[in-house]
Amino acid sequence: MSALTHAADADGSTAAPTTRGSARPPLTDARRAELLDSLNAAVRHPELLGGTAAVVELLNTLAAADPDSGLGTAWIPDTASRTVSTLLRGSFGEADAALVASQYGEDAHRRGWLRLDRALGEEELGQLLDRVLDWSEDRRRLADVLAEFGEPSVVYGDPAPDAPKTLAYTGEDREARIAVFHLGAHGELYAVRIGESLLGDWTLTPAGQKLFV
């Protein structure tokens with residue numbers, strides 16, 4: 001049964017990444033599993049587990065000590081490229097905490113640390129990406145998203161149907177593109193983002209246009 005059929009106060013701030021701890025010994029299997037469990041819980045429910053600062057700390061710890069990442073010993077988000085996300089943050093009020101968590105979730109996915117609840121196949125993901133922006137130009141709600149695209153890969157925020165949240169759809173491939181749905185109270189869809197380009201990889205629904213600042 002979907003978690004979205006059952007019943008965020010995160011700070012929404014971005015803690016500065018740190019390179020401290022780069023000389024830490026490799027993680028034991030048990031410790032790595034523990035950190036991954038914590039990260040996957042915290043990024044989905046940051047309001048319950050210390051806010052987004054707790055997610056950042058877990059990302060830093062894994063990046064500093066995980067010998068399998070292959071991406072260096074510091075978790076440093078590419079904030080300079082997050083043009084659309086930066087514009088959206090602060091616009092949707094109660095939905096912003098889940099928006100921030102979804103950014104960290106994307107970072108975790110690229111590192112191979114995010115456990116997807118559902119991985120879309122290449123063909124299904126391609127079809128979703130091809131049509132989702134046009135589909136989202138009309139007023140939509142959570143039920144419409146689920147009916148059209150099925151269960152998401154990840155739910156960031158309270159899974160209760162009327163709670164603000166962000167849904168992400170992607171595949172197992174770490175380099176696969178990700179479709180992100182930002183929803184507010186009462187399941188109202190505000191925006192959909194695929195990439196960070198201002199030239200067409202995102203759209204606001206009519207409800208989102210009223211709130212966008």
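The structure is a predicted model, in which local features need pLDDT of at least 70 and side-chain atom pairs count only at pLDDT 80 or more, while totals for chains, interfaces and linings use all residues. Residues are numbered from 1 along each chain as its sequence is written, and side-chain values use heavy atoms, with hydrogens and water left out.

The secondary structure of the protein comes to seven helices and five strands, where helices (H or I, at least four residues) and strands (E, at least two) are DSSP runs numbered from the N terminus. Read from the N terminus on, the elements follow the order α-α-α-α-α-α-β-β-β-β-β-α. Of the 213 residues of the protein, 51% count as buried, a class that means under 20% relative accessible area, with exposed meaning over 50% and partly exposed in between (1.4 Å probe, protein chains only).

Two packed helices are described by the angle between their axes and the distance between the axes. The axes are lines fitted to C-alpha atoms, for helices over the stretch in contact, and the angles run from 0 to 180 degrees between N-to-C directions. Angles under 35 degrees count as roughly parallel, over 145 as roughly antiparallel, 65 to 115 as roughly perpendicular and the rest as oblique. A crossing is left-handed if the near helix is turned anticlockwise from the far one by less than a right angle, and right-handed if clockwise.

Helix α1 (residues 29-44) packs against α2 at an angle of about 150°, with the two axes 9 Å apart, and α1 and α2 are therefore roughly antiparallel to each other. Their crossing is left-handed. In this contact (heavy atoms within 4.5 Å), L35, L36, S38, L39, A42 and V43 of α1 meet V55, L58, L59, T61 and L62 of α2. By class, the contact of α1 with α2 has nine nonpolar, two polar and no charged residues, where Ala, Val, Leu, Ile, Met, Phe, Trp, Tyr, Cys and Pro count as nonpolar, Asp, Glu, Lys and Arg as charged, and the others, Gly among them, as polar.

Helix α2 (residues 51-65) also packs against helix α4 (residues 96-111), the axes coming within 10 Å and crossing at roughly 15°, which makes α2 roughly parallel to α4. The crossing of α2 with α4 is left-handed. On the α2 side T52, V55, V56, L59 and A63 take part, and they meet V100, Y104, A108 and R111 in α4. The residues of this contact of α2 with α4 divide into seven nonpolar, one polar and one charged. Helix α2 also holds A64, which counts as buried at 5% relative accessibility. A64 and P25 are 39 residues apart in sequence, and their C-alpha atoms are 8.9 Å apart in space.

For α5 and α6, the axes come within 11 Å and cross at roughly 145°, and the crossing is right-handed. The contact is made by E124, L128, R131, V132 and W135 of α5 together with D144, V145, E148 and F149 of α6. These residues of the contact of α5 with α6 divide into five nonpolar, no polar and four charged.

Rings of Phe, Tyr and Trp (its six-membered ring) pair if their centres lie within 6.5 Å, and planes under 30 degrees apart count as stacked, over 60 as edge-to-face and the rest as tilted. By this rule the count comes to four aromatic pairs. One of them joins W135 and F149 in an edge-to-face arrangement, 5.0 Å centre to centre with 75° between the planes. W135 lies in helix α5 (residues 122-135) and F149 in helix α6 (residues 142-149), so the pair ties together parts that are 14 residues apart in sequence. W135 is buried at 8% relative accessibility, and F149 is buried at 6%. The rings of F149 and F181 have their centres 5.7 Å apart and their planes at 50°, so this pair is tilted. Because F149 lies in helix α6 and F181 in strand β3 (residues 179-183), the pair ties together parts that are 32 residues apart in sequence. F181, like F149, is buried. W135, F149, Y169 and F181 form one aromatic cluster.

Most residues other than glycine have a negative phi. H186, although not a glycine, has a positive phi of about 65°. H186 lies in the loop between β3 and β4 (189-193) and is exposed, with a relative accessible area of 57%.
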